[in-house]
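Reader: I would like to go through this model by question and answer. Please keep it brisk.

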Amino acid sequence: MGLLTVASMLVFLVCAATTNADTSEIFQRTCEYSTMHVQCPAGKTIRLRSAMYGRKELNNECPNSGPDTTTCEAANGGNIVAQMCNHKNSCDIPASNSVFGDPCVYTVKYLDLVYWCR
């Protein structure tokens, strides 16, 4: 193999590793009445993929004492979180009806967030 070919392969491998690291999605969930802290490493910023405030499944992480509602979601959750967090290194998001509205009364909700650090 020539020196140029080896150098080209090294550049390709470095770029591929960087691309894979940058595309790793991060998932976080926090229950209603809590605040989600989102933090990227130094030099990286939050890029929102999706956000959902409501309840889509029965789970033990956020116990529900009300009706077993699993079909509620705040209408503008993604837009709200994007305004609070996109292109910032860190942000705090209250999982609260005062922020997102109440898509299902008497049901304990949670905030799900999927994002990248880039």
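Reader: How many bridges join strand β3 to β6?
Author: Strands here are DSSP runs of E with at least two residues, and helices runs of H or I with at least four, numbered from the N terminus. Strand β3 covers residues 46-55 and runs antiparallel to β6. Met 52 stands opposite Asp 112 in β6. The bridges joining β3 to β6 number eight.

Reader: A note on the basis, please.
Author: The model is predicted; local features need pLDDT of at least 70, side-chain atom pairs count only at pLDDT 80 or more, and totals for chains, interfaces and linings use all residues. Residues are numbered from 1 along each chain as its sequence is written, and side-chain values use heavy atoms, without hydrogens and water.

Reader: Is Lys 109 buried or exposed?
Author: Lys 109 lies in the loop between α3 (97-100) and β6 (110-117). Buried means under 20% relative accessible area, exposed over 50%, partly exposed in between (1.4 Å probe, protein chains only). Its relative accessibility is 1%, so Lys 109 counts as buried.

Reader: Which residues is Lys 109 in contact with, leaving aside neighbours within four places in sequence?
Author: Contact means heavy atoms within 4.5 Å. With those neighbours left aside, the list is Cys 31, Glu 32, Tyr 53, Gly 54, Asn 97, Asp 102, Pro 103 and Cys 104.

Note on methods
Pairing = 2+ DSSP bridges.
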